[in-house]
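Reader: I have a model to go through before I set up any calculations. Can you walk me through it?

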Amino acid sequence: MMNDKVLVTGGAGFIGSHLARALLAEGHAVTILVDLSMGKEENIPVGASFIQGDVRSQEDVRRAILGAGIVFHEAARVSIRASVKEFYEDADTNFMGTLNLLKCCSKSDVRKFVFASSMAVYADSASPNPIAEDYTTEPISPYGIAKLAAEKYCMQLTSEMGIGCHILRYFNTYGPGQTYTPYVGVITIFIRQLLQGQSPRVFGDGEQRRDFVHVSDIIAANLLSMKSPLARGIFNVGTGKATSVNDIASLLCRRIDPQCQPCHADAHPGELRNSIADIRSISAALGYRPAAALPEKIGEVIEFYRKGTGNRGKQVEEPPERDRSPIPASSGSGNRRP
Ligand SMILES: NC(=O)c1ccc[n+]([C@@H]2O[C@H](COP(=O)([O-])OP(=O)(O)OC[C@H]3O[C@@H](n4cnc5c(N)ncnc54)[C@H](O)[C@@H]3O)[C@@H](O)[C@H]2O)c1
């Protein structure tokens, strides 16, 4: 599998760009397919081939997938909150885009398909106990419904095509380079609010609990998945540890502006109360061990944004949906090989 050609969709985004960098470092030839509706061309690592296109376009995907042995499908509209109103656009990219990719996998060289799914596929949980992969999948947001439906198509169609398939259900991912929007990535949002002299705004009572996983652990899970001889699997990717949104807000106030107190606003529909990963399955099957500890890593993330390098992603002050119409497929492509 070394030096295999790999396709990373969404490789200008937060997780996709970290993944592309790691794959290049391991000696793979990396092609990135991304529409640049979020993220930035500068995020695309030097050395990767870059096709500016849309995962919903057969022409774009067929071009990008040519010769690829492995596909990491990261491209998505990632706002759970926005998916409540923008359910059509959400499903169009996250569900139909995935189907288009699967369709293009047939009669290709692809041997393994790794799909970036989400904790949003699960039913809400009354307790902050970790949930395993067989926990009820009853999503409470359109985003979760589209991810779950896409998962099922991934498993069934790749099986018919004789392609390996891993579904990785990421929990709340944080780290340097997260694309800022007012909706995605509570740690990034709070850091930005505090650095701008504002109080972190907690939606609801703040006692909702999350499993915050550093992007380096998400990348490690993807690399393990790629290298694993196991053909198929659905895995949670998190840490197994519960942290409340209040705890995060207080921690960040202490680190950035100890005079500041979090403020509260109304809770939003479609958000889970408790979302903690049971990671025993991925640990046993792939040897995954989360290595990043939140209290240690948070300082690095604060520094990243303090230095202003956090402005790598598109900065969105207003609801981003109107800005997120796809860029025409013909509008550009490039090659960032040195
Ligand atoms: N960040 C998290 O906490 C988290 C949690 C669970 C799952 N995920 C999943 O991980 C993946 C990566 O998320 P991220 O946080 O890096 O998001 P991101 O917004 O930073 O990156 C997503 C990328 O996908 C691209 N994209 C969107 N629609 C596209 C389309 N139609 N065609 C081509 N490219 C398109 C965007 O331009 C962007 O560069 C997504 O599938 C997301 O659903 C993320």
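Ligand shell and packing

Author: The largest share of the shell around the ligand, three residues, comes from H1. Helices (H or I, at least four residues) and strands (E, at least two) are DSSP runs, numbered from the N terminus. This is a predicted model: local features need pLDDT of at least 70, side-chain atom pairs count only at pLDDT 80 or more, and totals for chains, interfaces and linings use all residues. Residues are numbered from 1 along each chain as its sequence is written.

Reader: Which elements each supply at least two residues of the shell?

Author: Helix H1 (14–25), helix H4 (87–105), strand E5 (112–118) and strand E7 (172–174) do.

Reader: And which residues come nearest to the ligand?

Author: Gly-10, Gly-13, Phe-14, Gly-39 and Ala-76, out of 30 residues around the ligand. A residue is near a molecule or strand if its C-beta atom, placed from the backbone, lies within 6 Å of it.

Reader: How does the shell divide by class?

Author: There are 13 nonpolar, 12 polar and five charged residues in the shell around the ligand. Ala, Val, Leu, Ile, Met, Phe, Trp, Tyr, Cys and Pro count as nonpolar, Asp, Glu, Lys and Arg as charged, and the others, Gly among them, as polar.

Reader: H4 is in that shell. At what angle does H2 cross H4?

Author: Roughly 50°, and the axes of H2 (residues 58–65) and H4 come within 10 Å. Axes are lines fitted to C-alpha atoms, for helices over the stretch in contact, and angles run from 0 to 180 degrees between N-to-C directions. That makes H2 oblique to H4; angles under 35 degrees count as roughly parallel, over 145 as roughly antiparallel, 65 to 115 as roughly perpendicular and the rest as oblique.

Reader: Which residues meet there?

Author: Gln-58, Val-61, Arg-62 and Ile-65 in H2 meet Asn-100, Leu-101 and Cys-104 in H4. Two residues are in contact if their C-beta atoms, placed from the backbone, lie within 7 Å. The contact of H2 with H4 has four nonpolar, two polar and one charged residue.

Reader: Moving on to H6 and H8. How do they pack?

Author: The angle between H6 (residues 186–195) and H8 is about 35°, with their axes 10 Å apart. From H6, the contact residues are Val-186, Ile-187, Phe-190, Ile-191, Leu-194 and Leu-195. From H8 they are Val-245, Ile-248, Ala-249, Leu-252, Cys-253 and Ile-256. By class, the contact of H6 with H8 has 12 nonpolar residues, no polar and no charged.

Reader: What about H8 and H10?

Author: The axes of H8 (residues 245–256) and H10 (residues 294–306) cross at roughly 60° and come within 11 Å. Leu-251, Arg-255 and Ile-256 of H8 make the contact with Ile-298, Gly-299 and Ile-302 of H10. Those residues divide into four nonpolar, one polar and one charged.

Reader: Now the sheet. What is the strand order?

Author: E12-E9-E14, an open sheet of three strands with mixed pairing. Two strands pair if DSSP finds at least two bridges between them. E12 (243–244) and E14 (274–275) stand at the edges with a single partner strand each, so one side of each is left without a neighbour in the sheet.

Reader: In which sense do E9 and E12 pair?

Author: Antiparallel, over two bridges, with E9 covering residues 209–210. Arg-209 stands opposite Ser-244 in E12.
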